[in-house]
Amino acid sequence: MSYLEFNSSLKVENKLIDQEHAVLIEYINLLQKAIENESSAKIIGQVLEGLTEYTKTHFFVEEEMMKAFDYPDVGQHKSAHEGFKGKLTELIAKYENGSVEITASALSFLKDWLTEHILKVDRRLSDFLADKSFR
Ligand SMILES: [Fe+2]
Ligand SMILES: [Fe+2]
C-alpha cells in the first residue's frame, strides 16, 4: 500500500491548516510503517494515541477559526469531525483490548476519510477564510 503524500493537490492554501494536515498525514504514514514493520502492540498503540490526540487538536483549531469568523457551515463541519473522532476512539479502544488488528482496510479508511475531508470540507472552510483575508 502506498503512503499518503502531502503535495500541492492536498493544500487548501491556509498556512496553519496545511501545516497541521501535513503532520496528520505523517502520523498516518507512521502508523502504516509501524504495521508493515510488525512493530510491537505498544508502539502501534502509541502511534494511534498520537494520531488521535493530534487529530483532536487540529479539529479544535479549525473549529476555533470557524467560531472566530462566524463560519456558516460550522454545524456540518463539526459533526464530520465528531464522526471521525468517534471512529478513532473506537479503533483505539478495540485495539487496546486486543480485539482487532489494525488492518489495511482500517488504514485505507483513515486515508480516504482524511483526503476527502481535506479536499471537500476543509477546502470550503479555507476558501471562506481567504475571503476574510485569513490565510
Ligand atoms: Fe475539518
Ligand atoms: Fe482539517
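## Close-up views of a predicted model

**View 1. Lining of the largest pocket.** Lys87, Glu90, Leu91, Lys94, Val100, Ala106, Phe109 and Leu110 form the lining of the largest pocket. Helix 3 (74–96) and helix 4 (104–131) are the elements that each give two or more residues to this lining, and helix 3 gives the most, with four residues. Helices are DSSP runs (H or I, at least four residues), numbered from the N terminus. The largest pocket holds about 160 Å³ of space. A pocket is an open set of points, on a 1 Å grid over the protein atoms alone, where a 1.4 Å probe fits, with protein on both sides within 12 Å along at least five of seven lines; lining residues have an atom within 4 Å of a point. By class, the lining has five nonpolar, no polar and three charged residues.

This is a predicted model, in which local features need pLDDT of at least 70 and side-chain atom pairs count only at pLDDT 80 or more, while totals for chains, interfaces and linings use all residues. Residues are numbered from 1 along each chain as its sequence is written, chains are lettered from A and ligands numbered from 1 in the order in which they are written, and side-chain values use heavy atoms, with hydrogens and water left out.

**View 2. Site of the iron ion (ligand 2).** His21 (NE2), His58 (NE2), Glu62 (OE) and Asp122 (OD) coordinate the iron ion (ligand 2) at 2.1 to 2.2 Å. Donors are N, O and S atoms within 2.8 Å of the metal (3.2 Å for Na, K and Ca); water is not among the atoms, so sites may look incomplete. Along the chain, the donors follow the spacing H-x36-H-x3-E-x59-D. His58 lies in helix 2 (residues 41–68) and Asp122 in helix 4, so the pair ties together parts that are 64 residues apart in sequence. His58 is buried, at 1% relative accessibility, and Asp122 is buried at 0%; buried means under 20% relative accessible area (1.4 Å probe, protein chains only).

**View 3. Glu62 between two iron ions.** The iron ion (ligand 2) and the iron ion (ligand 1) lie 3.5 Å apart and are bridged by Glu62.

**View 4. Surroundings of His77.** His77 is found in helix 3 and is buried, with a relative accessible area of 2%. Not counting residues up to four places away in sequence, His77 touches Glu62, Met66, Tyr71, His117, Val121, Asp122 and Leu125, where contact means heavy atoms within 4.5 Å. His77 and Val121 are 44 residues apart in sequence, and their C-alpha atoms are 6.8 Å apart in space.

Notes:
Points joined across faces, edges and corners; volume = space filled by probe spheres on them. Nonpolar A, V, L, I, M, F, W, Y, C, P; charged D, E, K, R; others polar. Buried < 20%, exposed > 50% of the residue type's maximum accessible area, 1.4 Å probe, protein only.
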